[in-house]
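Here's a quick tour of the side-chain contacts in this one.

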Amino acid sequence: MDVDGRPQSVPVLSRRQKVIYQFTQQNLPACKPVLTPAWVIATFLSLGFIFIPLGLLALVASQSVVEIVDRYDTDCIPEVFRSNKVAFIKDDSIPKNCTRYFKVHKPMKAPIYVYYQLDNYYQNHRRYVKSRNDRQLLYGLRYNDTSSCKPEETNSGLPIVPCGLIAWSLFNDTYRFVRGAGELRINRKNIAWRSDREHKFGKHVYPFNFQNGTLIGGGKLDPTIPLSDQEDLIVWMRTAALPSFRKLYGKIEEDLEENDVIEANLFNYYNSYSFGGKKKLVLSTSSWLGGKNDFLGFAYVAVGSSCILVALFFILFHVKNPRPYGM
């Protein structure tokens with residue numbers, strides 16, 4: 001009724017307004033499950049019976065991966081320079097070639113992935129990660145704002161392409177492998193993500209004024225090859241989250257048999273000695289789950305075992321102290 005005693009009309013709500021009204025007034029239907037002991041115990045047991053087999057499968061897949069890991073940064077320094085490694089790596093007049101030998105203990109099926117591994121290298125440092133310009137990588141000299149690349153944005157008043165500390169510190173050790181009398185060819189194509197090659201690095205952008213300063217960081221780039229085809233740079237520019245990481249160098253598309261002796265001829269150019277870093281050469285096969293990683297399998301087994309232990313504890317507690325259901 002209004003103030004005059006006449007009946008007041010009730011507003012007609014649309015379907016959407018009714019739903020909103022029900023939601024704001026908490027009148028929506030809701031499900032309130034009762035977590036009985038049987039449901040809780042069954043849930044934990046189910047999780048345990050699912051996680052443990054998955055963990056065992058992951059461990060079997062990881063153990064099927066064959067890896068050869070060789071640390072070479074110390075052994076590839078001549079004895080006379082072992083006490084001053086930085087002086088050795090910075091002296092361009094001293095040859096940096098080095099030969100390493102390793103034996104294949106298990107058959108390795110192609111493709112065999114060749115990685116370089118760096119330890120104690122913090123690519124996730126904030127200043128380092130920000131020292132790049134993605135638009136310049138895609139558009140080249142057409143994009144002039146490279147202030148984010150400091151301190152490697154210009155040299156002698158001219159812009160640097162690609163600019164920034166990440167590109168400047170490009171890894172430049174090289175590897176070559178020999179088995180018996182024949183060389184093992186390393187395929188260095190398609191080692192970078194396809195999305196990076198096609199959408200992040202320009203097909204018509206070429207290196208310009210790169211590594212022409214007085215302080216040389218890492219590797220140099222061929223100025224006649226566009227950035228989209230320089231896959232070693234593309235791999236390096238995808239920074240790692242942890243201080244120990246591996247990056248793909250190439251693939252060997254031949255099988256290696258047990259007891260094969262591989263001769264690795266490498267050039268130890270990259271300066272990891274100034275910051276106490278380590279360099280390793282890694283040859284690895286892969287499984288349906290990827291590379292060798294036992295952590296995932298152990299994590300699944302640990303979680304599954306914990307679920308079963310919790311379920312057993314609840315069973316014993318429920319048997320000893322049964323609780324009647326509320327009405």
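## The nonpolar surface patch

Leu289 has a relative accessible area of 38%, so this residue counts as partly exposed. Keep in mind that we're looking at a predicted model. You'll find Leu289 in the loop between β11 (278-284) and α9 (294-320).

Leu289 belongs to a nonpolar surface patch of about 610 Å², together with Ile50, Leu54, Leu57, Trp288 and Leu296. Helix α2 (residues 37-63) gives the largest share of that patch, with 3 residues.

## The nonpolar core

Now head inside. The largest nonpolar core has 53 residues, and the ones touching the most other members are Tyr175, Phe177, Trp236, Leu281 and Leu283. Elements that put two or more residues into this core include β2 (97-103), β3 (112-119), β10 (261-267) and β11. The largest share, 5 residues, comes from α8.

## Rings on rings

There are 20 aromatic pairs here. One of them is Tyr113 with Tyr115, a tilted pair with 6.4 Å between centres and 35° between planes. Tyr115 is at 22% relative accessibility, so this residue counts as partly exposed.

Tyr175 and Tyr249 make another pair: their ring centres are 4.9 Å apart and their planes meet at 70°, which is over the 60 degree cut-off, so the pair is edge-to-face. Elsewhere, ring pairs join Tyr116, Tyr121, Tyr128, Phe171, Trp236, Phe245, Tyr270 and Phe275 into a cluster.

## Charges: bridges and rings

Side chains of opposite charge can pair when their charged atoms come close. How many salt bridges does that give here? The count is 15. In one of them, Asp173 meets Lys279 with the closest N and O atoms 2.9 Å apart. Asp173 lies in the loop between α6 and β6, while Lys279 is in strand β11, so this bridge ties together parts that are 106 residues apart in sequence. Are Asp173 and Lys279 buried or exposed? Both are buried.

Arg179 and Glu254 also form a salt bridge, at 3.2 Å between the closest N and O atoms. Arg179 is in strand β6 and Glu254 in the loop between β9 and β10, 75 residues apart. Arg179 has a relative accessible area of 25% and is partly exposed, and Glu254, at 30%, is partly exposed as well.

Arg238 turns up in two contacts. Its salt bridge is with Asp196, the closest N and O atoms being 2.9 Å apart. That links the loop between α8 and β9, where Arg238 lies, to Asp196 in helix α7 (residues 194-199), 42 residues apart. At 32% relative accessibility Arg238 is partly exposed, whereas Asp196, at 4%, is buried. The charged end of Arg238 also sits over the ring of Trp193, 3.8 Å from its centre. Lys96 has a ring contact as well, with its charged end over Phe88, 5.0 Å from the ring centre.

## Out in the α1-α2 loop

Last stop: Ala30, in the loop between α1 (15-24) and α2. At 67% relative accessibility, Ala30 is exposed. Ala30 and Glu263 are 233 residues apart in sequence, and their C-alpha atoms are 69 Å apart in space.

Notes. Residues are numbered from 1 along each chain as its sequence is written. This is a predicted model: local features need pLDDT of at least 70, side-chain atom pairs count only at pLDDT 80 or more; totals for chains, interfaces and linings use all residues. Side-chain values use heavy atoms; hydrogens and water are left out. Rings of Phe, Tyr and Trp (its six-membered ring) pair if their centres lie within 6.5 Å; planes under 30 degrees apart count as stacked, over 60 as edge-to-face and the rest as tilted. Buried means under 20% relative accessible area, exposed over 50%, partly exposed in between (1.4 Å probe, protein chains only). A charge sits over a ring if NZ of Lys or CZ of Arg is within 6 Å of the ring centre and within 35 degrees of the ring normal. Patches are made of residues with over 30% relative accessible area and no salt bridge: like charges are joined within 9 Å, nonpolar side chains (Val, Leu, Ile, Met, Phe, Trp, Tyr) within 5 Å. Accessible areas come from the Shrake-Rupley method with a 1.4 Å probe; for residues, only the protein chains shown count as cover. A salt bridge is a side-chain nitrogen of Lys or Arg within 4 Å of a carboxyl oxygen of Asp or Glu. Helices (H or I, at least four residues) and strands (E, at least two) are DSSP runs, numbered from the N terminus. A nonpolar core is a set of buried Ala, Val, Leu, Ile, Met, Phe, Trp, Tyr and Cys residues joined through side-chain atoms within 4.5 Å.
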